[in-house]
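User: I've got a model open and would like to talk through a few parts of it. Can we start with a strand pairing?

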Amino acid sequence: MQDGANTGDTLQNFDAVFDVVVVGYGYAGGVSAIEAADAGAKVLLIEKASVPGGISICSYGNVRCAKDKDLAFQYLKMTNGGRTPDDVTRVLADGMAEMEDYFRKLGAVCGATISTTEEVGKGGNYPFPGTDTFYHTCIDAIPNFDARKAFPWAHSVVGGARTFKVVSDNVNRRNVEIWMKTAAVRLINRNMGKSNEVLGVTVQTESRGTMHVRARRAVILCTGGFEGSEEYRQQFWEGLPVLPCAGRSNTGDGIRMAQAVGAQLWHMWHFHGSYGYRHPDPAYPYALRVKRLPDWTPGRENEAKVKMAWILQDQNGKRFMNEYQPYTQDTSCRPTQYFDPVTQRYPRNPAILLCDENGRKMYPLGRPVSNDEGLRFEWSEDNLREVELGILKRANSIAELARMLGVNPASAENSIARWNTLCDKGVDEDFGRPGGTMARIDTPPFYGAHVRSLVSNTQGGPVHNARQEVIDVFGKPIPRLFAAGELGSSFGHLYLSGSNISECFLNGRTAGRNAAALADWADKSVKPERISSH
């Protein structure tokens, strides 16, 4: 017999009943489901896309770990800039000290070869107290695993696919029911005037239409962020446009559902991203990220030795930033967000990327990622295919290239001349780019492109406490509602590379266990007074 609930003023039957419903199947959703199932819960895991993995599978797959939880806490507190409560930060720090053991336990299910290294990233990204306690744990190999065959829809580095293989194999070994092509639409909860306790979720399925699913114990939102929502990007960020480089299905669904039952939001301004190219096909949904280069730590500039092939100029032909920031893929979008109140425009977005023939030969200047069926763009090793496609423009002189890109030729030439002088000195006196990364731009033909601010993933969403319970606008937990992963990340100012992955595992572990530990809400003798679908 199906359980009943009121949606609006009309009593309706639930179409399916589970103990815990997890919304979103990336790392966080997978781990939440694993932990809830291990705690004895009957679990439903839903994903609105046709394929699992979210943007998790697009990551490098290396998880941040810590040798000392107290040192990790010191560092993480600095990265949050006072925007995250200490108890939430403390749980993340403590979890990072346990992360390696937990990751190895999950990896054993598929025979993964796992290693650790303190060289990748050389500790934290910034020289805050505790930085040296951090290291990465990564999967080197999985027997008989071919990422391209196992996840043909995922286009990224193999590390993300290996880590998702570990998660998905663990999910498949548990009592977890999975519904793909199933979008969560609204949370079902009691009358807002008396209680916002969450009782289930309304979903839209491809084959069965709209369904009301009862969650006897809790709902866990693991829907990711809002990088795929033009509306949210317009609403919360100043320097527009900001283009997504992955995750078009991450449209803020979890944020909307949580807000509808009273959730408070945090960190909505904070996103992880750099700059990249538009694809020549207007129908292609993503920007193409620039080449990922090794990170370096401020104070250790002399260790940054990899040449960056390009510089950036604004729309006036003037260089305006250190193109090789300590964590280029994280904060390089910020200088491009400048608004000029005199001209009423964003003169650095798009910016102009310039390099020469030597730079063109160094490495691929872009690195696309995606997790979509039937969508894949392979950047050529020598960048010549991108020239043919028009992503990169080519000219025999800087002046000619500047005209092609709509920049004042004289300004562009002066900027390049200044750059080459700085390269000869080996010191970037203008913006502090590490000397070992500098490369002259003096050998024709020259190459250039408009590059725009882009978002890899967002950090904002519903506020959660140390138990991963979603917090309402009055500072109280919303009963039976949890969030994990990118949906409302703890990071409120600066990001620590690999830590969103750790958050997915640690937050998912916490949310899954706490959700499964709750008693069935029907045990409280629920009266059919007025239960709303919000």
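User: OK, which residue in strand 7 is the bridge partner of Ile114?

Analyst: Ile139 is the bridge partner of Ile114 in strand 7. Bear in mind that this is a predicted model, in which local features need pLDDT of at least 70 and side-chain atom pairs count only at pLDDT 80 or more, while totals for chains, interfaces and linings use all residues. Residues are numbered from 1 along each chain as its sequence is written, and side-chain values use heavy atoms, with hydrogens and water left out.

User: How many bridges hold strand 6 and strand 7 together?

Analyst: Five bridges, in the antiparallel sense, with strand 7 covering residues 134-141. Two strands count as paired if DSSP finds at least two bridges between them. The elements are DSSP runs numbered from the N terminus: helices are H or I with at least four residues, strands E with at least two.

User: What sheet does that belong to, and in what order do the strands run?

Analyst: An open sheet of three strands, antiparallel, in the order 5-7-6. Strand 5 (63-66) and strand 6 (113-117) are the edge strands, each pairing on one side only.

User: Different area. Is strand 11 largely enclosed or exposed?

Analyst: Seven of the eight residues of strand 11 (198-205) are buried, so strand 11 is largely enclosed by the rest of the structure. Buried means under 20% relative accessible area, exposed means over 50%, and partly exposed is in between (1.4 Å probe, protein chains only).

User: Which strands does strand 11 pair with?

Analyst: Strand 10 (residues 182-190) pairs with strand 11 in the antiparallel sense over seven bridges. Strand 12 (residues 209-221) is joined to strand 11 by six bridges, also antiparallel. Strand 11 and strand 12 form a hairpin, with three residues between them.

User: Which residues stand opposite Leu187 and Met211?

Analyst: Leu187 stands opposite Val201 in strand 11. Met211, in strand 12, stands opposite Val203.

User: Now charges. How many salt bridges does the structure hold?

Analyst: 34. A salt bridge here is a side-chain nitrogen of Lys or Arg within 4 Å of a carboxyl oxygen of Asp or Glu.

User: Start with Arg513. What does Arg513 form a salt bridge with?

Analyst: With Glu35; the closest N and O atoms are 2.9 Å apart. The pair links distant parts of the chain: Arg513 sits in helix 13 (residues 499-516) and Glu35 in helix 1 (residues 27-38), 478 residues apart.

User: Are those two buried or exposed?

Analyst: One of each kind, roughly. Glu35 counts as buried because its relative accessibility is 7%. Arg513, at 43%, counts as partly exposed.

User: And Lys48, which side chain does Lys48 meet in a salt bridge?

Analyst: That of Asp253, at 2.7 Å, N to O. Lys48 lies in the loop between strand 4 (43-46) and strand 5, and Asp253 in helix 7 (residues 253-260), so the pair ties together parts that are 205 residues apart in sequence. Lys48 is at 31% relative accessibility and so counts as partly exposed.

User: Which residues are linked with Lys48 in a network of salt bridges?

Analyst: Glu231, Asp253 and Arg256 are linked with Lys48 in that network.

User: Last topic: how many cavities of 30 Å³ or more does a search of the whole structure find?

Analyst: Two. On a 1 Å grid over the protein atoms alone, a cavity is a set of points where a 1.4 Å probe fits but cannot get out, and lining residues have an atom within 4 Å of a point. Points are joined across faces, edges and corners, and the volume is the space filled by probe spheres set on them.

User: What lines the largest cavity?

Analyst: Gln313, Ile352, Leu354, Ile398, Leu401, Ala402, Leu405, Val407 and Ala412. Strand 19 (351-355) and helix 11 (398-404) are the elements that give two or more residues to this lining, and helix 11 gives the most, with three. The volume of the largest cavity is about 40 Å³.

User: How does that lining of the largest cavity divide into nonpolar, polar and charged?

Analyst: Eight nonpolar, one polar and no charged. Ala, Val, Leu, Ile, Met, Phe, Trp, Tyr, Cys and Pro count as nonpolar, Asp, Glu, Lys and Arg as charged, and the others, Gly among them, as polar.

User: What about the second largest cavity, what volume and lining does that one have?

Analyst: The second largest cavity has a volume of about 30 Å³. Glu230, Arg233, Gln234, Leu240, Pro241 and Val242 line the second largest cavity: three nonpolar, one polar and two charged residues.

Key:
On a 1 Å grid over the protein atoms alone, a cavity is a set of points where a 1.4 Å probe fits but cannot get out, and a pocket is an open set with protein on both sides within 12 Å along at least five of seven lines; lining residues have an atom within 4 Å of a point.
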